[in-house]
Amino acid sequence: MSVIRSLKMNFAVWIKWIFGKKRARIGIYGPPNAGKTTLANRIVRDWSGMETGGISHIPHETRRALRTDGVVINANGSTVELDIVDTPGMATKIDFREFMAYGLEEEEAKRRAKEATEGVIEAIKWLEDLDGILLVMDSTEDPYTQVNVTVVGNMEARKLPLLIVANKMDLPRAAPSRIKAAFPQHPLVTISALEGSNIDDLYVAIARHFG
Amino acid sequence: MDLISAERLESMSSMEKIRLILGKVKRGNIVVLELGLTPEEEVKLIEMTMTEIRLDEFSGIEIESYPVKNESTFINKILGKSGIKTRMTVIGPANQLRTVEKDKYQISTKVSVGD
């Protein structure tokens with residue numbers, strides 16, 4: 001079975017080499033509330049005019065992976081076609097009482113917590129089917145979270161390209177230099193997905209790394 | 001608190017390690033691994049943790065480690081061995097272990113007893 005899979009993979013590589021097709025499936029990862037869906041919406045809206053998912057200040061708003069295929073990005077003379085997977089926020093703990101602090105009723109909070117656990121599992125499963133990752137970090141937060149450490153470690157172990165997106169540069173407490181210091185071995189682009197600041201730099205970096 | 005030696009960890013399969021850790025943490029223990037988990041094991045631990053979360057009993061884990069070191073050498077590549085060096089890791093129940101501060105050189109945690 002693995003021989004057949006290996007032959008299929010080699011065939012796909014050859015097709016890509018012969019026709020020069022630059023297509024990649026990338027996942028948008030990060031902890032809850034880092035701005036993953038805001039970024040996914042920004043990318044998809046800029047290049048295809050659509051939206052992917054709803055956003056909220058309550059953590060774990062995205063509890064199912066949202067996939068948008070065939071987003072073509074042209075930047076700096078390079079073109080890349082992406083299948084973008086906006087994944088649920090990764091976490092090691094989920095407590096329904098935290099959702100109640102945002103004003104949700106107990107039943108609603110429990111339902112969201114249950115769905116959030118399933119979302120984390122779904123995000124993990126997607127790691128197997130990606131060509132690269134945009135790891136979104138909140139520039140106002142400590143970058144040494146275990147989610148960041150684990151996602152970076154997995155990409156390095158799988159030898160897949162990783163681009164760190166230091167988001168929320170529009171906020172006064174933003175300190176993307178802390179992220180750069182924590183993960184100096186990986187390329188980093190500082191943006192505000194909400195306001196669109198530096199978003200063109202991100203598109204150039206995406207075309208360079210995933211094209 | 002349980003400190004688990006590198007020798008014991010090296011003799012265990014990935015799933016045995018994860019089962020051991022989750023079993024101890026669900027009983028309220030804090031586990032310190034002399035040699036941590038590989039990135040693949042960490043992600044598997046998170047996945048298993050999600051399946052074990054019970055609304056009023058177990059809300060998950062707090063896990064802290066440093067990024068793995070990749071020390072792959074030419075010989076390792078020829079032999080097909082991974083050059084990944086795992087590092088000391090602390091894991092505990094989310095309602096008892098809380099990370100206060102973490103930087104490149106130090107992890108500071110707060111442990112609550114009897115929560």
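In the predicted model, A:Ile164 stands opposite A:Leu188, a residue of strand E6 of chain A. The two strands involved, E5 (residues 162-167) and E6 of chain A, are paired in the parallel sense, and three bridges link them.

This pairing belongs to an open sheet of six strands in chain A, arranged in the order E2-E3-E1-E4-E5-E6 and showing mixed pairing. The edges of the sheet are formed by strand E2 (66-75) and strand E6 (188-190) of chain A; each has a single partner strand, so one side of each is left without a neighbour in the sheet. From one strand to the next, the twist averages 25°.

A:Thr140 is located in the loop that lies between E4 and helix H5 (146-158) of chain A. A:Thr140 counts as partly exposed because it has 16 C-beta neighbours inside 10 Å, a count between the limits of 12 or fewer for an exposed residue and 20 or more for a buried one. When residues up to four places away in sequence are not counted, A:Thr140 touches A:Lys168, A:Leu171, A:Arg173 and A:Ala174. Between A:Thr140 and A:Leu163, which are 23 residues apart along the chain, the separation of the C-alpha atoms is 18 Å.

How values were computed: Residues are numbered from 1 along each chain as its sequence is written. Chains are lettered from A and ligands numbered from 1 in the order in which they are written. This is a predicted model: local features need pLDDT of at least 70, side-chain atom pairs count only at pLDDT 80 or more; totals for chains, interfaces and linings use all residues. Two strands pair if DSSP finds at least two bridges between them. Helices (H or I, at least four residues) and strands (E, at least two) are DSSP runs, numbered from the N terminus. Axes are lines fitted to C-alpha atoms, for helices over the stretch in contact, and angles run from 0 to 180 degrees between N-to-C directions. Two residues are in contact if their C-beta atoms, placed from the backbone, lie within 7 Å.
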